[in-house]
Amino acid sequence: MKKYLLTIGFTIATIAFSQNIQIVPLGVYGGSNESNLSSYLIAEESTNNYLALDAGTIYSGINKAIENGTFNEDQNKILRDYIKGYFISHGHLDHLSGMIINSPEDSNKPIYGISETISVLKNKYFTNDAWANFANEGESPILNKYYYKNAEIGTPFTIEGTNFTGTIYELSHVNPLKSSAILVENDSNAVLYFGDTGADRIEETKNLTTIWKAITPKIKSGKLKTLMLEVSFSNSQPEKLLFGHLTPKLINEELGELGKQVGKNKLKGLTIIVTHIKPKGDNEEKIKEELLKYNPYKINYIFPKQGEKIVLK
Ligand SMILES: Nc1ncnc2c1ncn2[C@@H]1O[C@@H]2COP(=O)(O)O[C@H]2[C@H]1O
């Protein structure tokens, strides 16, 4: 009997610990189309406990997900109950305007970010001049709906309302402007989401190298399921006009650095979800073509679509 119970316990534990991760893109572009800007909901597959990775577009993305059958609930419930908190990578509008605009209808929840991002929210957006202060610090009247969670770089923290922990890393988005990435993980799976970032060579920083070193063990063990990485421009964009972004060429340059840590063959089949494409002219088609045509590390590229769920196995 005892052995039987132990087996059941082990099976339940295995199921509990091997939760796949799902991602619901609410917005996928890095500009122009204000109804489809960077925001990705991430949760364990069998739950509705989502962290929003950036919040450029919220309302239109939820509607699109309902239209696609990804969600089968009303708009308000998804906003208020499913989204347990926001990670905001940096202070640019295309990463947070959806959260601001929807704040009057939202419920109480945390906003995670580096101190620079929280400072922008506090001093530029949740102000009486720009909107109203729906957060818990800053200008009066303080409406106390959102509460800031200032994350220390590289120190894991609990993501409220989920089984995830988060670890934030610093990025450079036209040095000295800071952006950030977050490693979201449960016991068996991990996803690394990047806000806007330039390449180390162009930004003259070592931020990406630091991240590649930090995640190498998780890639080697197979725990890290995907990188959600920006590719804003095609290779035709001159390096002096990148404004702190990546191109397919620079992705391969950075993957070369990661490959040095992990071992080249270990990158084969790694999934990269391509974020933040700027949908101007034929930029989107060119980026896709360039990534797929010259893919020396045999990366599995996914081009997310608004409202279409991705399950990472
Ligand atoms: N000096 C500049 N000249 C023209 N466009 C710029 C300049 N700096 C920033 N931008 C644009 O403004 C955008 C702000 O958000 P992004 O960083 O996504 O991308 C940036 C560029 O597209």
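Strand E10 and strand E11 (residues 224–230) pair in the parallel sense, over four bridges. The model described here is predicted. Within this pairing, Tyr193 has Met228 of E11 as its bridge partner. Strand E10 also pairs with strand E9 (residues 178–185), here in the antiparallel sense and over five bridges. Ile182 is bridged to Tyr193 of E10. E9 and E10 form a hairpin, with four residues between them.

Strand E10 spans residues 190–194, and five of its five residues are buried, so the strand is largely enclosed by the rest of the structure. In a regular strand, side chains alternate between the two faces of the sheet. Both faces of E10 are covered. Ala190, Leu192 and Phe194 lie on one side, Val191 and Tyr193 lie on the other, and all are buried.

The largest nonpolar core has 59 residues. Leu53, Phe194, Ile211 and Leu227 have the most contacts inside this core. Nonpolar side chains tend to be buried together in soluble globular proteins. Beyond residues up to four places away in sequence, Leu53 touches Ser39, Tyr40, Ile42, Phe87, Ile182, Val184, Tyr193 and Met228.

The ligand is considered next. The residues around the ligand are Gly30, His92, Asp94, His173, Asp196, Phe243, His245, His276 and Lys278. An N or O atom in the side chain of His173 is 3.0 Å from an oxygen atom of the ligand. For His245, a polar side-chain atom lies 2.9 Å from a ligand oxygen atom. In Lys278, a side-chain N or O atom is 2.9 Å from an oxygen atom of the ligand. Taken alone, the ligand exposes 460 Å², and the protein buries 48% of that.

His276, one of the residues around the ligand, is found in the loop between strand E12 (271–275) and helix H9 (283–293). The relative accessible area of His276 is 1%, under the 20% limit, so this residue is buried. His276 is not a glycine, yet has a positive phi of about 65°. Ser32 also has a positive phi, near 60°, in a residue other than glycine. This serine sits in the loop between strand E1 (21–27) and strand E2 (39–44). Ser32 counts as exposed because its relative accessibility, 59%, is over 50%.

Two cis peptide bonds are described here. The bond from Ser140 to Pro141 is cis, with omega near -5°. Pro141 is found in the loop between helix H5 (115–125) and strand E6 (146–150). Asn175 and Pro176 are also joined by a cis peptide bond, with omega about 15°. Pro176 belongs to the loop between strand E8 (165–172) and E9. Most residues other than glycine have a negative phi, and most peptide bonds are trans.

Two further residues complete the description. Thr70 lies in the loop between helix H2 (59–67) and helix H3 (75–82). With a relative accessibility of 18%, Thr70 counts as buried. Leaving out residues up to four places away in sequence, Thr70 touches Val24, Ala65, Gly307, Glu308 and Lys309. Gln261 is found in helix H8 (residues 248–262). At 32% relative accessible area, Gln261 is partly exposed. Neighbours within four places in sequence aside, Gln261 is in contact with Trp212, Lys213, Thr216 and Lys220. The C-alpha atoms of Gln261 and Ile88 are separated by 28 Å, and these residues are 173 residues apart along the chain.

Note on methods. Residues are numbered from 1 along each chain as its sequence is written. This is a predicted model: local features need pLDDT of at least 70, side-chain atom pairs count only at pLDDT 80 or more; totals for chains, interfaces and linings use all residues. Side-chain values use heavy atoms; hydrogens and water are left out. A nonpolar core is a set of buried Ala, Val, Leu, Ile, Met, Phe, Trp, Tyr and Cys residues joined through side-chain atoms within 4.5 Å. Buried means under 20% relative accessible area, exposed over 50%, partly exposed in between (1.4 Å probe, protein chains only). Contact means heavy atoms within 4.5 Å. Helices (H or I, at least four residues) and strands (E, at least two) are DSSP runs, numbered from the N terminus. Two strands pair if DSSP finds at least two bridges between them. A residue is near a molecule or strand if one of its heavy atoms lies within 4 Å of it. A polar contact is a pair of N or O atoms within 3.5 Å; within protein, one must be able to donate a hydrogen and the other to accept it, and residues adjacent in sequence count only if both atoms are side-chain atoms. Accessible areas come from the Shrake-Rupley method with a 1.4 Å probe; for residues, only the protein chains shown count as cover.
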